[in-house]
Each structure stands twice: as C-alpha cells, then as structure tokens.
Amino acid sequence: MLSPMSPFRVLAGAVPLCILSQRRAVSSRVRPARYGTQAQGHSPCEHMNKVRFIAHSEDLPNKSCHSCWIIDRATLAYMPFTLQNNTCIMLPATYIMRVPPFSERGGMTVKLTAFVLAFLLLSGAAHAIDWPSEPRDSAQPIGNSWGEFQDYGGWPYQHPGIDIMGSPFQAIYAVAPGYVKAVLTTSAELHWRVAVGDSMGADECDGWLYAHLERFSITVDEGDWVSEGELLGYLVSWPVADFHHLHFAKIRHSGLTWTPDWAFIRNPLVELSNVDDFDAPIFLETAIGGMLAFCQNETATYFYDTDSLYGDVDIIARVYDMIGHPSWRCTPYRLDYLIKSDTLTSDTLLSFLFEGDLFWDVNTLVIYKDDHVLDTKGDYSDRDYYMILTNSDGDSVAEMSDADYCWHTGEMPNDDYTVVVKASDVYGNVTYDSVTVRTANCFTFDGTITTSDSHPDSSGAEVSISAFGLIDSSNSSGAFHIDDVSAGTYSVNFSRLGYKSRDTLVSFFAPVILNVVLDPASYVLGDADGSGEIDIDDAVSLIAYIFSGGPAPTPYVSGDADSSGDIDIDDVVYLINYIFGGGPPPAG
C-alpha cells in the first residue's frame, strides 16, 4: 500500500522526464543518461544521485509543468509532485520518480499510473542482482553453500553465506546501493568485511555482507553511501591453495553501525543473475550400504536389515551438489521425500530448503547426522554430507524441535514401502533416488471379555485374530493377552458359549487395550443346564450351583427363573412349582 512521504529537495537544472531507477526507464522510448557520483563522508541529505533522462521530442508536449509521483522503493511511500520546466530533481538512489503518460486521459491517468508503478516496484523487489566480482553478468563458481556443514576442529556449524571463488586481490563490487554499516574483522587479517545496509537510520534493515577483503584495499568507511557497482575492495589471499573466495550473504541488523552479530536471512544464490549450473545433485551409497540409511529416531542404532524396520525411524541421505566448481562439494539447495506402498502414498514432505533465515550456530545436528557410523565432514580436505530427511516439520527453518519428527512406521501397516527422495539445486536441476524397505512392527493386545448379564465366572471366552491364527482364552476375571500382533488393521473375533460372538476391526499401530462385553445368545428362561428343555435337571443344576459350587448357568440369566435379578433358592422353588405344582412358567 502506498503512503504519503515528506517532500524532496528541488534544484535548478535540466528537465528530467522520467526517473525510474539508475539502470532502467519505464518506457523504451526514454534514454537514460547518468550524471555524477556521491562523494563519501557527506551528511545523509547530501547522499544523492543526479539522474537525467532524455526523451524523443515527440514525447514532450509544450507544457510548463507536469504532474508526477516520487516513490521510496523500500517502503512504497509516495508524494505527488509537480515538475516545472527548467528544473532538476536530486534523489537518493533508493527513490524514483514516475511521470504519467502525456496523453490527455484526465484523472484516471494518475490512478492507473500509481497502480502500475506499485506493481512494478513490488515485482521488481526480488529482481536478480549482478555478481559482486567480475564478470558481474556471469555465474561464478561456488566453494561453500548456504547452510553447508562445516567443522574445522571445533564445533560443527552451518555455513552462513556462500563462498564465491576468485583469485587473490580480485576486485569486489557492491551489488546494491546502500549505506556502509560495518567495516571490521571477526578474526585477524583474513576476515575483514564490509556490510552495506539499505537504510541510513538505526532501524532494522537488510543488507549485504562482503567478507575476506584485504584490509588496506577496502575503499569505504562506516557511514558512506555506496552505489550499485561501486568498488568495495579486493580479495585477501587465502592460505588454502585454490580457495581464494568472497564470503557473501544477505543479512539483517539494526543500528547506525553494525556489530557482527547480524542475522543471516537469505541465500544469495536465490537472487544472483545469469546462472548457468546444469549439474544436478548427486546421491552416494551410505557407509552402511544402500542409497539411504535408516536408524531409530535420534540414535546411532541403525537398521542394517531394511526388511524389518520398526518403531520411530530416521531416514538419512548421503548427497552433495557441485555449483560451478569441479572440486568443492556443497549441500543441495532443497531436499524432499515421500513414502509409498501399493496401497498408501504419503504427501511429498519438505526436508530442508536452504533459502531463508539461517540459525547457523545452532541446530546443525538436527540437519546432519554425525556419529561414529555416519560421519558428516566439512573442511578443506574432506566433505561428506549425511542429511536427516525426517528431521523437519515441513518449513524451511531448522529448529531443535524438528529432531522429534521421524517416520512413525508403527502407524502404517507392515508392508513394503518405497522411500523416494528428490534433491534440487537453486537452478532447477533435480535428482531422484529411492529405496524399498519393509516394516515389521509388532504390538501387544490386552483386554477383558465380560458379559452383559454379569456372569460371575468370566473364564472361557476366546479372542482370535484369524489373519495370524492368534488365539487366547480369558481367565476368571475375563482378562486376555496376545503378543506380537503385526502392525495393521484386522478383524478380531470374541466368543463364549451361550453368548453372541462379536467381530470387531482393530488397528494395531501401537499396543492395544480393548474391553468387550458380550450379550446372551437366544435362551429359554429357566433352562439352567442349557439342554433346551425345562425339567427337574434344571432345578438340580441350580441347587448344585447355589450350594455345591457347581457351574453357573450359561448364559447366566437363564437360571433366573423368577426374574428377580438374582439366582438363589427362590429360583429352584419356582421351577419345582412349575414342573410339579402347575405353577406359572418362567417368564421375563
């Protein structure tokens, strides 16, 4: 959204017709001509560039003034402005001026122009930048990539930038205009650097970092304004043969001057122009065999037999990329994976995207596996990257909590699964790799089987999983237990003599506890011995149960001849009266 801004200085001079930027005009019929450069050390209001654009004569009507807009490209703040003939306007390089078309279109012309200009500014905010070293319009080889594993004998970390390979004392140029926020070293003579922010004040802003410059070659001081393409200094000679390089990063900080605790916010490869990398990333066989390695989540317990994965599993790929250099291995820009079987396919899951915010000094071992089995290395002599694909919550920022993520194999049926991994570079080159594994999760199954008529003896019920032929009988309290149920969803049968059997689908993706109640099957009330007839044997059976500990009626409710809710001597009397005395029959 555009917002008003304060006026700019207007100076006497020629008539500028259209100022869009120092490099490009809106109309192809307008030819740019640049005047002068900014001297260092002046006050902020003097940090101006004078730019003149000359139009063909037919574009310039005979008018004494023209309406225009002055725009801040960083904030999209704007100010309406009237341009007088025989005047010239001086603008900081972050500002532009737009003169509407000269054809007579009334008030609609200004509104349309403002809309088109806002679109141009927004779409141009992520335009490609030239490279900071010559040739500036051509891709340079990369020696270290954004987020790459580094360990030079201390604690491992992620490389907070890209290393653009060069030669000793090679000239380095600003890729964007801005204010010099820092000229400092972080570690002796090899680590002098310049940071250029895109805002003059103390508020937080973005900037570019140029590191490993020869100290006495640096041409700018803190507070200076620099133009795009301005010389900043020359590369220092690096003590490692063939690794002379510019450490280059997009950063963010606050303050009139910056200390080196800035945030690393964006991979420069995303913004650099004219790339020509045609080589896709490369997968290698892991140290334990196979193109992917599998271990129990966040442990060094590896599955050497991938036919029996179980539990929570991490998936690890050994992969690298070459970015325009024949020797130096870097990490891929992006990794994704999916898991599929003949019947199931997961969503494509993002593992890592080395593009945005980089917490370079923490969380390194969330991304990279580094133990005695899979030993990630990143130094001048050996580079080997084992990347934990499953340690991600699906966004592009690596956090400690991402280590909790994994492949929950127990949440899927035991089956053959193909893990497909895609490695991409920033230029769109892609490599796929895949490995087929089998899961073998087994879980316990516990529970109870009771009856709705409260049978006092719960033993004798059966639970069976026919898919595996697993059977157990309940004890007197109705409890059962089955070991080693393979992960999946199966039909389970619960049965007991005198009761209706029950079939239930049960999913075994974790230990299962299930309590089941069976209802009585069809029965004749008073038929205590289950013979199908009511006779003296039923009375004898009840007497044996009540007084001698004989078996209870099955179903239990069948012995409640008087329907009182209890089985006692009254039910015996009731049956004898019915059988021999002509009393009423048992009835519910």
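This briefing walks through a predicted model, from the whole chain down to single residues. Local features are reported at pLDDT of at least 70 and side-chain atom pairs at pLDDT 80 or more, while totals for chains, interfaces and linings use all residues. Residues are numbered from 1 along each chain as its sequence is written, and side-chain values use heavy atoms, with hydrogens and water left out.

**The chain as a whole**

- The secondary structure of the protein chain comes to 4 helices and 38 strands; helices (H or I, at least four residues) and strands (E, at least two) are DSSP runs, numbered from the N terminus.
- The protein chain has 588 residues, and 47% of them count as buried. Buried means under 20% relative accessible area, exposed over 50%, and partly exposed in between, with a 1.4 Å probe and protein chains only.
- Among contacts in the protein chain with a separation of 6 or more, 62% are between residues 24 or more positions apart; contact here means heavy atoms within 4.5 Å.
- The accessible surface of the protein chain is about 27100 Å², and carbon and sulfur atoms hold 53% of that. Such areas come from the Shrake-Rupley method with a 1.4 Å probe, and for residues only the protein chains shown count as cover.

**The second largest pocket**

- Rolling a probe the size of a water molecule over the atoms shows where empty space is left.
- A pocket is found on a 1 Å grid over the protein atoms alone, as an open set of points where a 1.4 Å probe fits, with protein on both sides within 12 Å along at least five of seven lines; its lining residues have an atom within 4 Å of a point.
- The second largest pocket holds about 460 Å³ of space. That volume is the space filled by probe spheres set on the grid points, which are joined across faces, edges and corners.
- Its lining has 24 residues, and Tyr157, Pro160, His191, Arg193 and His247 lie nearest the centre. The elements giving two or more residues to this lining are β16 and β19.
- By class, the lining of the second largest pocket has 12 nonpolar, 8 polar and 4 charged residues. Here Ala, Val, Leu, Ile, Met, Phe, Trp, Tyr, Cys and Pro count as nonpolar, Asp, Glu, Lys and Arg as charged, and the others, Gly among them, as polar.

- His247 sits in strand β19, which covers residues 245-253.
- His247 counts as buried because its relative accessibility is 7%.
- The His247 side chain makes a polar contact of 3.2 Å with the side chain of His159 and another of 3.1 Å with that of Asp163. A polar contact is a pair of N or O atoms within 3.5 Å; within protein, one must be able to donate a hydrogen and the other to accept it, and residues adjacent in sequence count only if both atoms are side-chain atoms.
- Not counting residues up to four places away in sequence, His247 touches His159, Pro160, Gly161, Ile162, Asp163, Leu209, Tyr210, Ala211 and His212.

- His212 belongs to the loop between β16 (205-211) and β17 (225-226).
- With a relative accessibility of 6%, His212 counts as buried.
- Its phi is near 75°, a positive value in a residue other than glycine.
- A polar atom of the His212 side chain lies 2.9 Å from the backbone oxygen of Leu190.
- Beyond neighbours within four places in sequence, the contacts of His212 include His191, Arg193, His245 and His247.

**Backbone details elsewhere**

- Asn363 has phi near 70°, a positive value in a residue other than glycine. This residue lies in the loop between β25 (349-353) and α2 (364-367), and Asn363 counts as buried because its relative accessibility is 12%.
- The peptide bond from Glu134 to Pro135 is cis, with omega near -5°; Pro135 is in the loop between α1 (107-124) and β9 (142-144).
- The peptide bond from Thr554 to Pro555 is cis, with omega near -5°; Pro555 is in the loop between α3 (536-548) and α4 (569-580).

**Two exposed residues**

- His372, in the loop between α2 and β26 (377-378), counts as exposed because its relative accessibility is 69%. His372 and Ala300 are 72 residues apart in sequence and 8.0 Å apart in space, C-alpha to C-alpha.
- Phe547, in helix α3, counts as exposed at 55% relative accessibility.
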